[in-house]
Amino acid sequence: MRAFWNAVKADIWVLTIKQHHVVLWWGGVKMTSKDGWALSEGNIVADLQRWKGIYIQSLSGKRYAPRTLTIYSSAIDELIEYSRKFMEEITISDIGTFFITQFLDDKAVLAKNGISDTTRSHYIRIFKTFFRFVDEFNSESFGMLNNFRNLKIRNQNGHKKKKPAYTDEQVEKIGRAHV
C-alpha cells in the first residue's frame, strides 16, 4: 500500500491510498469521499475553486496524464473567471445549461474567428464531468446534472450541425476511383 501527501489550494491536504481511495483533511477535519463536501459556502468563485481543487486532485489520484489535468484545470479556471461577473447574483447550484451556453457564446465573441463545434464539445464534456463529480460528492445530494440535461453542442446558428451527405455524382466518382 503506497501513500503520498499532496497539497492543494485552500489548505486542503490529500492522502491518496491506492488509486481510488481519497481521504481529505480539511481544516483538521478528516473527510472521505463517502462524507461528501458542502456544495456551496455562498461565494460562487470560492466554491468553484474549492471544487476544482478537489476534482483535479481526485483525477491526479486516478493517474490522469499531466496534460489532461492541465487542460481540465484551465477550462475550469476560465469558467471561474467568467463567474466573477456574477458573484453577487448566483451560486454554484444556479450553474446550468444557460450559464454554460452564455459562457461559450461570450468566448466565441471574444475569439477572433469564434470557436469551433469541436471546441464547444470539448468544454461541454469537461464541464459535464466536473459537475458530475460535484453532483456525486456534495453532501447536500443536490442534483447538479439536472441543470445540464439540455446542454448540447450547437453551431453559431443555434442548430445542430448536420454532416454533409455525398451527392450521387460524388458516390459515382468514388466508386470509379476504387475500381
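Reader: Why does Gly36 count as buried?

Author: Happy to start there. In this predicted model, Gly36 has a relative accessibility of 5%. Buried means under 20%, so Gly36 counts as buried.

Reader: Where is Gly36 placed?

Author: Gly36 sits in the loop between β4 (29-32) and α1 (44-61). The C-alpha atoms of Gly36 and Asp135 are separated by 9.9 Å, with the two residues 99 apart along the chain.

Reader: What makes α2 roughly perpendicular to α4?

Author: The axes of α2 (residues 66-83) and α4 (residues 117-137) cross at roughly 90° and come within 10 Å. Angles of 65 to 115 degrees count as roughly perpendicular, so α2 is roughly perpendicular to α4.

Reader: Which residues of α2 and α4 meet?

Author: From α2 come Ile71, Tyr72, Ala75, Ile76, Glu78 and Leu79. Their partners in α4 are His122, Tyr123, Ile126, Phe127, Thr129, Phe130 and Phe131. Sorted by class, this contact of α2 with α4 has 10 nonpolar, two polar and one charged residues.

Reader: Which residues of α2 are buried, and what covers them?

Author: The buried residues of α2 are Leu69, Tyr72, Ser73, Ala75, Ile76, Leu79, Ile80, Tyr82 and Ser83. Their cover includes α1, α3 (97-110) and α4.

Reader: How do you know that the span of α2 is close to the one expected?

Author: By setting one length against the other. The 18 residues of α2 reach 25 Å from the first C-alpha to the last, and 26 Å is expected at 1.5 Å a residue.

Reader: Why is α1 called roughly perpendicular to α4?

Author: The angle between α1 and α4 is about 95°, and their axes are 10 Å apart. Since the range for roughly perpendicular is 65 to 115 degrees, α1 is roughly perpendicular to α4. On the α1 side, the contact is made by Leu48, Trp51, Lys52, Ile54, Tyr55 and Ser58. On the α4 side are Thr129, Phe130, Phe131, Phe133, Val134 and Phe137. The residues of this contact of α1 with α4 divide into nine nonpolar, two polar and one charged.

Reader: How many helices and strands does the protein have?

Author: The protein has five helices and four strands, running β-β-β-β-α-α-α-α-α from the N terminus on. Of its 179 residues, 36% count as buried.

Notes:
Residues are numbered from 1 along each chain as its sequence is written. This is a predicted model: local features need pLDDT of at least 70, side-chain atom pairs count only at pLDDT 80 or more; totals for chains, interfaces and linings use all residues. Side-chain values use heavy atoms; hydrogens and water are left out. Helices (H or I, at least four residues) and strands (E, at least two) are DSSP runs, numbered from the N terminus. Buried means under 20% relative accessible area, exposed over 50%, partly exposed in between (1.4 Å probe, protein chains only). Axes are lines fitted to C-alpha atoms, for helices over the stretch in contact, and angles run from 0 to 180 degrees between N-to-C directions. Angles under 35 degrees count as roughly parallel, over 145 as roughly antiparallel, 65 to 115 as roughly perpendicular and the rest as oblique. Contact means heavy atoms within 4.5 Å. Ala, Val, Leu, Ile, Met, Phe, Trp, Tyr, Cys and Pro count as nonpolar, Asp, Glu, Lys and Arg as charged, and the others, Gly among them, as polar. The expected span of a helix is 1.5 Å times one less than its number of residues.
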